[in-house]
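Here is a friendly walk through a structural model, taken one piece at a time. Keep the viewer open and follow along.

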Amino acid sequence: MEYSLLIIITPLLLFLLLGLSGMKMKPGMAGIIGTAGMGFSTLISYIVAYNYFFGIGQTDGAWATIIPFNVEWLHFTDNLHIDLGILLDPISVMMLLVITTVSLMVHIYSLGYMHGEKGFQRYYAFLSLFSFSMLGLVVATNIFQMYIFWELVGVSSYLLIGFYYTKPSAVSASKKAFIVTRFADLGFLVGILLLSFYTGTFDFAQLTSDGAGLVVASTAGISFMGLSAASWAMALIFMGGAGKSAMFPLHIWLPDAMEGPTPVSALIHAATMVVAGVYLVARLFPVYVFATPDVLTLIAYIGTFTALFAAVIAITQTDIKRVLAFSTISQIAYMMVSLGVSEYGGHDGLGYMASMFHLFTHAFFKALLFLGAGSVIHAVHSNEMDAMGSLRKYMPVTHITFLIACLAIAGIPPFSGFFSKDEILAACLHHDKLIFFTLLAVAGITAFYMFRLYFNIFWGAEKSYDGHHQPHESPLRMTVPLMILAVFSIFTGFIPFPEFITVDHIPFAAHIEWATVAIPSILVAAAGILIAMVFYMKGSELPSRISRALGGLYTATLRKFYMDEIWMFMTKNVVFNRICTPIAWFDRHVVDGAMNGLAWITQKMSVSIKGLQSGQVQLYVWIYVVGSLVIAALVLFL
Amino acid sequence: MVNFIIFCCLAVMIVVMSILAVTAKKILRAATYLLFVLIGTAGLYLLLNYHFLAAVQVSVYAGGIVVLFIFAIFLTSNKGEMVETHNIRRIIYGVLTSVAGIALAGFVLLKHRFLYSGNATVEGDTEINMKMIGTALMGTEKYQYLLPFEVLSVLLLACIIGGILIARKK
Amino acid sequence: MIKMEYYLIISILMFFIGIYGFISRRNMLAMLISLELVLNAVEINFAVFNRYLFPERMEGLFFTLFGIAITAAETAVAIAIIINAYRSIGNVNVTKLNKLKD
């Protein structure tokens, strides 16, 4: 399976080609090359997936873990070496499929969406860079390789968010995204160092097979602030994941990241990069579940809170991309919760499977939502809901595909979201009732805000689209990806996921629990949709009356519960003013002062003795004579 | 005794003329006083029975260097520049330094006992003849000076060329 | 009877008078004259030591001889330099001559 290397190398070569040729290449040419390369990569990954699941298949009833390619990149000592390689196991193969598919769709879609934009070639180069880094991340054989690609992903995300670098809001959004995720990555790095220090390895295979025991054994008795060293390590690693996956309270960058081009949001900030944190936790799941179940509980609760928190905010947002961003945060939190409530082995590992399942289905329908939103934005040239209405008449394809995606995310059978969300809820039900009911409520809220979005865009009162031409359906280059993704959104739910992806690689059978999980969740979702329909389909007065009645709560939600302000206060008032300012003062006055003082003393001394170097020969001679006389006198009389 | 009187006359002349040479307001006079000092020195060499040295002293110093000085003085003289403006601080420093030096050197000199036995050779007719000087100057044996002589000739050549180069008009 | 110390006293006096002149005079030619005094004092010393301490040898004599030659060379070059300096700064005042290049 060495050819799996091609999946990763192709985008890298594309990036180099497109990036180096830059503006010399015609935009159309760059787009076609980028898309064709991505198509090739997608093809290879499908072949790899096929060969993995149906060619190699299972050994002893479990899916194998294959490392088709591995090089020792940095050799420090026999124990400490950093490898680069490819690790194929069910989740990485699944991720390859997701990333290449969505990436290809976005490539095709961008041909239409970004048509005529300045820097089209640069855009495709960055897309290739992102694809390369993301693919490298998921096939990482060791945690350090993952960290390297993790940072590369962060960089490409930064570049793409800041694609419209002439727009100040885009620039600050890209900086915000980069700084927040970097801050989280600091925790990740410390976690990696702690973990590998105690286990003596970076390798995933080693960590997940016997690493858990290793961690427990090697860190026994070492604790800090009441938590064991292992817990600290794993919690810090989770911090990295939480930053990338926008878990509360590190979620603040994701809504702002919507300043980037919409296809980028679809690819990076909905389908692939933001689930990297989930993937990280899933990758290290055996360590979490055996060594540090307490951290897993923490993950579950953070996830639950984030899911609810983001869903509530999503209700009030008016920028359609921001609604989708908060919905993404909420859905990723679902995956996190699902991992958090999972246990190991067989049906106990339902949560793990459900998490991966949801990751898989979510990638498609969320990408579809974003691309559909992009299509709408393309038509009306605005992100605001107020500017839209009754677009179903103008944009039938977008309308239908968007509806499919909304049904999928709301969890209406037979669309894919229903199946995966159902598994998550089932896993929660068996673990913790509180989490279950919270997530059930979130499912209802999700259905409500998604259909609020849907009705506001495609139904409601028709707006006067003055100032420019009538909205029209997007070109084929944009609608074809929508249709493909719609097909995925409908049918991926029928994939028997427990057959392929389980925590211990051994397939098990999962059933939909109609009575306790499925029926309630469908009812809740239907209720949400109905409320949204009443509120927004015809455009009623009800929503504004309710929002007035809620008053401060509504405002708080609209302002995203002031999280940005809290962070701003924390960084500006606490970190900058209380900590950095004294340090800066110390640096400026004490450290620099010492240096300046030295310079000042030197200068004064030079000034005072520079008279000796007057260039006056006679002075020199006089000093010479006096000096030799003094020396002679000393020799004589001492 | 006659020698001693001559020596005293020469000594007084040398010291007085030296002082005048370094204090004279006019540079041309200073050069003239220098000439007297040099001639006095030649006299001392004669007293020491170094006749050849005395001859060299007179011809090189008095005949060469002093003439050179006088030419240089004429070449560099401006109207009004001849008068040396004295700086009192400079003079005080110079006098103090010189007095200190004289005191120190004189102390060493008077405290020290030289190991020369008698003075017969000094008073006697021990003139070194020209043949000895010539042999020593041109020989390559021990205590003979052909190499320094040749080096000196190269030095003089370099000095001639250097003098021409430096003083040449651009 | 002339003692050796008498010669040496004259030479010391001449030497330090030369030093004094070198320090106190501003005219470069006057400084050069002072320098001649200094060198002359040294040469007297060579000759005197040779005559009184090692009368059968000639090292001091030749040192004096070479010293005179070197003095002559030095004076010639120095005067060339002084004339050149005079051309560029217009006088022979040593206090004005404190730059290597104007």
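Let's begin with A:P414, which sits in the loop between α16 (396-410) and α17 (416-431) of chain A. Helices here are DSSP runs of H or I with at least four residues, strands are runs of E with at least two, and both are numbered from the N terminus. The peptide bond leading from A:P413 into A:P414 is cis, with omega near 5°. For context, most residues other than glycine have a negative phi, and most peptide bonds are trans.

Before going further, a word on what you are viewing: this is a predicted model, in which local features need pLDDT of at least 70, side-chain atom pairs count only at pLDDT 80 or more, and totals for chains, interfaces and linings use all residues. Residues are numbered from 1 along each chain as its sequence is written, while chains are lettered from A and ligands numbered from 1 in the order in which they are written.

B:N49 has a positive phi of about 70° although it is not a glycine, and its place is the loop between α2 and α3 of chain B. B:N49 is partly exposed, with 19 other C-beta atoms within 10 Å; the scale calls a residue buried at 20 or more such atoms within 10 Å, exposed at 12 or fewer and partly exposed in between, with C-beta atoms placed from the backbone. B:Y143 also is not a glycine and has a positive phi, of about 60°. Look for B:Y143 in the loop between α6 (130-138) and α7 of chain B. Is B:Y143 buried or exposed? B:Y143 is exposed, since 10 other C-beta atoms lie within 10 Å.

Now back to chain A for some helix packing. Two packed helices are described by the angle between their axes and the distance between the axes. Helix α6 (residues 168-199) of chain A and helix α8 (residues 229-244) of chain A have axes that come within 7 Å and cross at roughly 150°. Axes are lines fitted to C-alpha atoms, for helices over the stretch in contact, and angles run from 0 to 180 degrees between N-to-C directions. α6(A) and α8(A) are therefore roughly antiparallel to each other (over 145 degrees; under 35 is roughly parallel, 65 to 115 roughly perpendicular and the rest oblique). Their contact brings together 18 nonpolar, 5 polar and 2 charged residues. In this scheme Ala, Val, Leu, Ile, Met, Phe, Trp, Tyr, Cys and Pro count as nonpolar, Asp, Glu, Lys and Arg as charged, and the others, Gly among them, as polar.

α8(A) has another partner: its axis and that of helix α11 (residues 276-283) of chain A come within 7 Å and cross at roughly 155°. That makes α8(A) roughly antiparallel to α11(A). Among the residues making this contact are A:I237 and A:F238 of α8(A) and A:L280 and A:V281 of α11(A). By class, the contact has 6 nonpolar, 3 polar and 1 charged residues.

Finally, consider how the chains meet. In the pairing of chain B with chain C, 66 residues of chain B are in contact with 59 residues of chain C, contact meaning C-beta atoms, placed from the backbone, within 7 Å. The chain B side has 46 nonpolar, 17 polar and 3 charged residues. Between chains B and A, 6 residues of chain B touch 7 residues of chain A. The predictor gives the complex an ipTM of 0.91 and a pTM of 0.68.

Terms used:
Two residues are in contact if their C-beta atoms, placed from the backbone, lie within 7 Å.
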